Amino acid sequence: MKKRSGSYPRVRVEGGGHGVVSQAGSVLLVETVRKSGLDTAISAALTPWRKPRAMHDPGKIVLDVALAVALGGDCLADVGLLRAEPAVFGPVASDPTVSRLVDALAASGPRALAAIRGARSQVRERVWDLAGESSPAADGQVIVDIDGVLVLAHSEKQDATATWKETFGHHPLVAFVDHGQAGSGEPVAALLRPGNAGSNTAADHIETAQLALDQLPKHLRRGRQTLIRTDSAGGTHSFLDWLSWRGRWLSYSVGMTITDAIHQAVLKIPKKAWTPAYDAGGTERPGAWVAEITDMPDLSTWPKGMRLIVRKERPHPGAQLRFTDLDGLRLTCFATNTKGGQLADLELRHRRRARCEDRIRCARDTGLRNLPLHDTAQNRIWLEIVQIALALLAWMPMLALTGTTRRWEPKKLRLRLFSAAAQLVVTARRRWLRFTALWPWTDVITRAIDRLQNLPHPD
């Protein structure tokens with residue numbers, strides 16, 4: 001009689017092992033920090049917050065928390081993941097030390113935020129230079145997407161209020177630089193707001209856009225080569241006036257609400273004026289058309305050079321039509337100041353703003369699922385830490401990965417690369433991490449490490 005052993009092999013478990021490093025694939029993020037110069041930049045920026053005879057550098061503490069968030073952590077205490085692997089992450093501060101630093105930075109308010117943001121901006125310019133043709137500004141242009149995100153709160157936190165979706169929490173505005181189809185995107189701004197903050201608040205959009213521009217290289221902070229994209233929440237007079245202000249001259253592609261004037265203008269469009277819209281691949285999409293209505297409604301109070309472009313399409317199965325939709329077709333509208341170009345190309349460019357939703361989904365998986373601290377000032381520091389984590393998750397693929405692997409989202413990076421274990425070997429005064437040949441993505445890890453190590457060191 002054959003004894004049944006089950007579907008999986010039986011193993012015995014005990015503690016006390018040594019010589020093996022868990023989460024060894026996170027050395028990719030550590031090497032990205034080193035080659036980008038982020039460690040020295042953050043350390044220099046936070047020098048004023050280092051107490052005399054302090055053992056731990058404030059910049060290193062902030063980076064350790066950001067690395068823990070990049071690996072899937074969602075609170076300050078998750079920095080313990082790094083503390084368990086000193087061979088990879090070095091000395092890591094205790095939980096009370098981390099909390100005291102966050103409290104000190106929060107108490108400093110705008111001064112601490114400006115220091116962290118300044119270091120991020122400085123490093124971003126170097127990373128884009130290192131990326132070369134893989135940089136989001138390789139062609140001399142850059143696209144910044146702005147959108148709101150609801151962050152739920154499950155306890156009485158400062159500024160947590162009822163939201164427009166009948167939930168409870170906060171309603172920050174975030175901005176991401178679009179890396180295009182070949183990559184993902186990286187955060188450049190996050191404005192913490194109460195849950196009841198309005199979607200169409202122009203002042204908040206202006207502040208977020210300014211924070212985003214401050215993160216870009218100086219030559220991209222003004223001029224038509226920088227495109228700001230938003231949904232209809234940004235379609236206000238004040239925000240478009242700010243984008244178009246003389247001396248700023250930014251390009252924009254902003255969603256607009258279908259007002260009665262726009263609806264009446266759409267009704268007057270002759271059938272021959274509609275041209276086929278494009279799908280995501282740039283080919284004609286059946287059942288969708290675009291047209292320009294700039295000359296129909298009164299735009300005298302709007303910025304000079306603004307164009308209005310509308311799209312009509314057959315709704316998806318189950319979609320709810322609105323009162324302003326036309327003959328059973330869904331209507332959308334956006335404004336742009338881009339001169340020339342095919343209408344279908346401009347509409348496709350605007351519709352690709354939906355990539356920002358992917359960036360927000362990834363942010364929720366990287367520390368933005370909730371705000372773990374109580375005070376608003378503390379959670380502003382947390383948002384800066386989340387942005388550092390997301391930036392590392394965007395910079396590492398941009399510098400070290402190629403092909404489809406560059407588009408891997410944080411969950412896939414954690415599962416396939418960062419979670420890989422390795423054997424720690426010390427020989428000839430050098431430490432080596434040896435990944436098992438059986439791990440399906442060992443070659444991806446080792447090739448990526450080689451690319452990072454071949455990059456020049458920061459000055």
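Which residues in α6 meet which residues in α13? The legends below take up this contact and several others. The model is a predicted one, in which local features need pLDDT of at least 70 and side-chain atom pairs count only at pLDDT 80 or more, while totals for chains, interfaces and linings use all residues. Residues are numbered from 1 along each chain as its sequence is written, and side-chain values use heavy atoms, with hydrogens and water left out.

**View 1. The contact of α6 with α13.** V102, D103, L105 and A106 in α6 meet A377, Q378 and I381 in α13, where contact means heavy atoms within 4.5 Å and helices (H or I, at least four residues) and strands (E, at least two) are DSSP runs numbered from the N terminus. These residues divide into 5 nonpolar, 1 polar and 1 charged, with Ala, Val, Leu, Ile, Met, Phe, Trp, Tyr, Cys and Pro counted as nonpolar, Asp, Glu, Lys and Arg as charged, and the others, Gly among them, as polar. Helix α6 (residues 95-108) packs against α13 at an angle of about 105°, with the axes 8 Å apart; axes are lines fitted to C-alpha atoms, for helices over the stretch in contact, and angles run from 0 to 180 degrees between N-to-C directions. The two helices are therefore roughly perpendicular to each other (angles under 35 degrees count as roughly parallel, over 145 as roughly antiparallel, 65 to 115 as roughly perpendicular and the rest as oblique).

**View 2. The contact of α3 with α6.** Helix α3 (residues 58-70) and α6 pack at about 105°, their axes being 10 Å apart, and these helices are therefore roughly perpendicular to each other. On the α3 side P58, I61, V62 and V65 take part, and they meet T97, V98, L101 and L105 in α6. By class, the contact has 7 nonpolar residues, 1 polar and no charged.

**View 3. The contact of α12 with α13.** Helix α12 (residues 355-368) and helix α13 (residues 376-400) pack at an angle of about 120°, with 9 Å between their axes, and are therefore oblique to each other. From α12, C362, A363, T366, G367 and L368 meet W382, L383, V386, A389, L390 and L393 in α13; this contact has 9 nonpolar, 2 polar and no charged residues.

**View 4. The open sheet of 9 strands.** The order is β7-β6-β2-β8-β9-β13-β12-β11-β10, and the pairing is mixed, two strands being paired if DSSP finds at least two bridges between them. β7 (185-191) and β10 (275-278) stand at the edges with a single partner strand each, so one side of each is left without a neighbour in the sheet. Within the sheet, strand β2 (residues 142-148) and strand β8 (residues 226-230) run parallel and are joined by 5 bridges, and I146 stands opposite T230 in β8. Helix α7 packs on the sheet, touching β2, β6 (173-178) and β7, and its direction makes about 165° with that of β7.

**View 5. The open sheet of 3 strands.** The strands follow the order β1-β14-β15, with antiparallel pairing, and the edge strands, β1 (20-21) and β15 (430-435), each pair on one side only. Between β1 and strand β14 (residues 422-427) there are 2 bridges, and the bridge partner of V21 in β14 is A422.
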